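Thanks for coming. I will go through one structure this morning, a part at a time. Please look at it first.

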Amino acid sequence: MTGLRAFTSLVSVRDAMPELTPTGAVDVVQRQVRRVRRRKNLYELQRALYWAIAAGAGLATFLLPLALFAPARLFAGAAWGTLAVLAGFALILLAATRRRWLAAPRAIAWIESQSPLAGRLRTLVELATRPNGGRGFFHALLVSEVGRDLEAWTPRRVVPRAVPRAALATALAALVLLVSVAQLASFAPPPTPAVGVSDQPLAGERSVTPDDAAGGERVVVAPGVPSDDDAEPSPVRDDVPSRLSNLSSQIQENVRQQVWGKAWERVRDALARAGTSGGAARDGQETNGDEVTANDTEDWEAARSPSATGAPRRRPGVGKQTAESDEAKADQNQDQATTHDADRETQSDDANGGGGAGTGTAPHLFGGPTVDPAGSGSFELALAARMRTDRAHGKRGTRAAGPSADPDAQPALAAEQRRESAAHRMTVPAAYETVVREVFAHRRVETEQP
Amino acid sequence: MTPAVASAAIEDFQQVFAAVRAEIARVVIGHENAIETILTAFFAGGHVLIEGVPGIGKTLIVRSLAEALNLSSNRIQFTVDLMPADITGTRIITESASGQRELSFVPGPIFTHLLLGDEINRATPKTQSALLEAMAEHQVTVAGTSYRLMPPFFVLATLNPIEMEGTYQLPEAQLDRFLFKVLLAYPSEAELIRILATTTTADPPTIRPVLDPEQAPARVEGLKRLVREVLVAPHVEQYVARLVRLTTPAAARGDGDAEVEVRRYVTYGASPRGAQSLVLGAKVMALLDGRPHVTYDDVDKLAVAALRHRLVMSFAAEAAGVAPAHIVERVLVAARRLRS
């Protein structure tokens with residue numbers, strides 16, 4: 001209490017108005033004007049800052065779910081749109097702050113508009129700039145009245161609040177909302193999808209990349225679907241990622257990383273495995289002799305398969321389509337995936353491609369056992385085979401037509417050699433084959449077998 | 001000068017003004033605003049042009065003002081055959097006691113404190129112009145000799161707006177010398193009843209002088225000087241300058257309503273005398289409000305009275321029936337936006 005009293009007395013001494021004299025009146029007035037300006041401008045700065053925070057947090061709250069759950073393209077559009085809105089708001093805020101900013105030339109006029117001074121303050125200060133401004137019959141009276149009115153326009157009276165409460169409350173509310181949304185989102189990490197391989201293209205499905213929305217319980221790796229308009233390879237891709245889209249993708253990736261942490265890393269790794277599984281599947285098919293030529297020109301794509309238990313999720317890249325078409329496509333894909341799984345399981349003994357996508361397991365997921373394990377020093381297990389074509393050299397899904405059925409016909413050769421990633425094959429000593437296969441192969445669930 | 005003395009001077013001014021206004025109000029029923037404007041012009045050192053139909057109390061106002069202030073007053077009825085010498089005075093041959101003849105000046109009715117020029121537009125321009133020098137410089141020159149008028153000198157001229165035949169439009173130079181132009185409206189029914197009740201009795205109300213007869217001229221001059229001591233800040237002067245300049249077509253370049261109307265309906269705008277009259281009148285208003293300085297509102301109150309008779313309207317304005325007061329009000333609205 002003693003400290004409070006001392007502080008109060010100190011403030012009262014500081015705020016005590018000095019006795020005005022005609023010679024020093026203008027100086028006293030100017031000092032108080034400066035104090036009012038400081039308080040007013042600080043108030044306006046705070047208001048602008050709080051509104052900026054509120055706007056930023058509000059828009060971030062809007063963007064956060066999009067960053068976590070929406071596909072990259074949708075998030076990019078929303079992010080840049082939000083950025084435009086934020087820029088517009090910033091301009092408006094800047095203009096408003098500039099309008100409210102109390103510059104020195106109009107400070108006295110503003111103070112008089114806020115206080116019942118009837119223009120005497122401005123008259124005194126302006127007349128002081130004239131050579132004979134300090135003289136005159138009424139000058140002393142004017143100084144006296146200004147001195148009497150000094151209490152009427154102290155900084156605390158003219159700018160009663162030091163903090164813009166509404167703006168501050170809005171900013172805090174927006175921040176709380178943002179944090180709440182982030183916390184809620186962190187409790188709903190995406191499920192790590194199971195990766196499977198199909199040897200049939202999933203019509204209508206779009207490739208899955210780590211930038212795509214998380215979710216989905218299964219990811220099926222399948223050959224790409226050639227389309228009619230993609231028959232001629234285009235030298236320039238339409239959807240070449242620009243710096244801006246890369247930036248938005250990075251932002252989205254960072255947001256997911258920050259919010260979901262290791263859960264997101266697992267999803268990303270699974271999606272990355274889906275990319276390698278395509279190569280693994282292709283590797284398996286390469287061993288099938290005649291099919292190698294036909295499949296060699298195909299891209300392998302990883303497509304999200306609808307959950308077997310839940311409702312089909314919205315596919316990335318099909319945001320413009322109607323929900324009905326989404327659901328129909330999801331059903332179609334689910335059927336295809338199921339068919340592919342069944343084919344894979346039935347053909348797993350014959351074709352050495354990767355099977356086992358889905359809930360069922362395949363003991364020969366990574367290819368059949370070596371015919372003569374002891375005949376060679378090692379065997380190859382396609383754990384990380386990556387044979388996908390480089391997408392920078394062709395539109396996605398673009399592939400040359402297969403060679404003619406006529407064995408004498410000359411096939412059309414590509415203009416250049418197709419770029420491929422290096423194939424990773426793990427060379428394992430043959431003696432460990434049984435153990436390795438035991439470790440990596442899925443176990444068939446007997447109860448699920450028909 | 002100490003604040004107490006200055007404050008007492010303002011109070012004295014307010015008391016005299018209020019007392020004179022109250023005395024006039026005892027005789028003149030209604031016209032409160034017109035009387036205040038006339039008194040404002042009087043203490044500001046200007047002259048007033050009153051426009052009103054006959055019989056609404058123009059002469060009564062002037063006579064009451066003179067009686068209340070204990071000042072001398074004369075009345076001149078302007079007619080077509082009125083000559084300048086009938087106003088200013090003339091030189092006549094007089095014979096002294098020694099038999100020597102000499103020209104001596106006989107002052108005309110203009111040599112008074114308060115002069116009522118009734119129906120001034122009935123005199124020829126030559127006669128009207130006889131007032132020019134007296135109103136502006138407070139002196140009369142006859143045969144090369146200048147004679148000072150007794151201060152305070154106040155001219156209150158009247159115009160009859162309904163009998164325009166045989167009248168002469170007042171020249172712009174003459175109009176410009178009037179500080180304000182006041183329109184006397186026809187009294188309302190209630191005012192008319194009060195007029196009947198007070199003027200048709202056996203003992204009509206009379207004016208009690210506010211000032212001492214010996215000291216009245218000096219007191220009035222002192223009050224007029226006090227008015228000129230009122231402080232005017234540069235921003236108010238700038239406002240007045242903008243306001244007056246906006247009434248001139250050459251300066252009204254903007255696309256606002258006021259500027260467009262000024263360019264269309266005004267041939268010549270207000271002169272610098274208009275700005276002076278605005279500031280002087282505003283000073284009186286400030287004193288009446290107890291302030292030692294002028295504000296925007298003081299200027300606005302008197303803008304119409306000070307500027308409307310200084311605008312020379314175009315034929316388009318006459319054809320469209322646009323009054324100068326309308327232009328001044330439009331200009332006021334535009335000028336308020338330009339307040340710094």
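In chain B, what share of the contacts with a separation of 6 or more comes from residues 24 or more positions apart? The share is 77%. Keep in mind that this is a predicted model.

Let me stay with chain B. Its secondary structure comes to 15 helices and 11 strands. Chain B has 340 residues, and 44% of them are buried.

Now one helix from that chain. Helix α3 of chain B covers residues 58-69. Among the buried ones are Ile61(B), Val62(B), Leu65(B) and Leu69(B). The buried set also includes Lys58(B) and Glu67(B). As a reminder, an α-helix has 3.6 residues a turn, so residues three or four places apart point the same way. Just after α3(B) comes Asn70(B), which takes a positive phi of about 60 degrees.

Next, a pair of helices, again in chain B. Helix α13 (residues 296-307) of chain B packs against helix α15 (residues 324-337) of chain B at an angle of about 145 degrees, and their axes are 9 Å apart. The crossing of α13(B) and α15(B) is right-handed. Which residues meet there? From α13(B) they are Asp300(B), Ala303(B), Val304(B) and Leu307(B). On the α15(B) side they are Ala325(B), Val328(B), Glu329(B) and Leu332(B). By class, this contact has 6 nonpolar residues, no polar ones and 2 charged.

On to where the chains touch. Here 15 residues of chain A are in contact with 15 residues of chain B. On the chain A side, the elements giving two or more residues are α5 (120-128) and α6 (139-149) of chain A. That side has 7 nonpolar, 5 polar and 3 charged residues.

Last, the confidence in chain A. The average pLDDT is 66, and 46% of the residues of chain A score at least 70. The pLDDT is below 50 over residues 6-17 of chain A, a stretch with 3 contacts in the model beyond near neighbours in sequence. Residues 203-207 of chain A are also below 50, with 16 such contacts.

Methods
Residues numbered from 1 in each chain as written. Chains lettered and ligands numbered in written order. Predicted model: local features only at pLDDT ≥ 70, side-chain atom pairs only at ≥ 80, totals over all residues. Helix = DSSP H or I, 4+ residues; strand = E, 2+ residues; numbered from the N terminus. Buried ≥ 20, exposed ≤ 12 C-beta atoms within 10 Å, placed from the backbone. Contact = placed C-beta atoms within 7 Å. pLDDT = per-residue confidence, 0-100. Expected span 1.5 Å × (residues − 1). Axes fitted to C-alpha atoms, helices over the stretch in contact; angles between N-to-C directions. Left-handed = near helix turned anticlockwise from the far one by under 90°. Nonpolar A, V, L, I, M, F, W, Y, C, P; charged D, E, K, R; others polar.
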